[in-house]
Amino acid sequence: LQFYLCVLQSSLLPKCGLLQRFCCDTSDSESVSLELHDIPGGEDAFELCAKFCYGIAINISAHNFVSALCAAKFLRMNDSIEKGNFVGKLESFFNSCILEGWKDSIATLQTTATLPEWSENLGIVRKCIDSIIEKILTHPPQVKTSDPSNFLTFVTFLMLIFLAHKR
């Protein structure tokens, strides 16, 4: 990902610790050309982070949460850089919305496969698994056994979650 950053006009700079570090290392105080290699989630995740910085409305869901959080962590968009920053808002959304529901916990767990190391290191996988196991233990799902293949798929899924939790 390559982009041109006008330091004096950028809303990215106050919120991104990584960009602040790059801009401090340059002698040109007005503009910087940056290349960010290996940004987790790629251009789409960076776009979410940039839109947040510019105050543009974004839609975060169980399907794009993982890439958004990983990119925000990569860019160091923490509350220590600016209060109310993107990482804190994403973590709050994760805990209060995603982990509260079956579908979102499962969908988020599935999307961790796109960024496995980041997801594991940030604790996303563990929190999703714990959330799903808690729901299984407290609210057993109503599984219709009319289709044996669906039931076996569901049982296999539950066994995988249980085994992952045991490791």
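**A loop threonine, the nonpolar core and the cysteines**

In this predicted model, Thr 112 lies in the loop that links helix 5 (102–111) to helix 6 (116–121). Although placed in a loop, Thr 112 has a relative accessible area of 6% and therefore counts as buried, the cut-off being under 20%. Apart from its neighbours within four places in sequence, the residue is in contact with Val 66, Ser 119, Ile 124 and Val 125.

The largest nonpolar core comprises 38 residues. The members that touch the most other members are Phe 65, Leu 75, Met 77, Phe 86 and Leu 90. Two or more residues of this core come from each of helix 1 (17–24), helix 2 (42–53), helix 3 (65–74), helix 4 (86–96) and helix 7 (124–138).

Met 77 may be followed in detail. Residues up to four places away in sequence being left out, Met 77 touches Lys 15, Cys 16, Cys 49, Phe 52, Cys 53, Ala 72, Asn 85, Phe 86 and Val 87.

Is Cys 16 buried or exposed? Cys 16 is buried, its relative accessible area being 1%. Cys 97, by contrast, is partly exposed, with a relative accessible area of 36%.

Definitions and conventions. Residues numbered from 1 in each chain as written. Predicted model: local features only at pLDDT ≥ 70, side-chain atom pairs only at ≥ 80, totals over all residues. Heavy atoms only, no water. Core = buried A, V, L, I, M, F, W, Y, C linked by side-chain atoms within 4.5 Å. Buried < 20%, exposed > 50% of the residue type's maximum accessible area, 1.4 Å probe, protein only. Helix = DSSP H or I, 4+ residues; strand = E, 2+ residues; numbered from the N terminus. Contact = heavy atoms within 4.5 Å.
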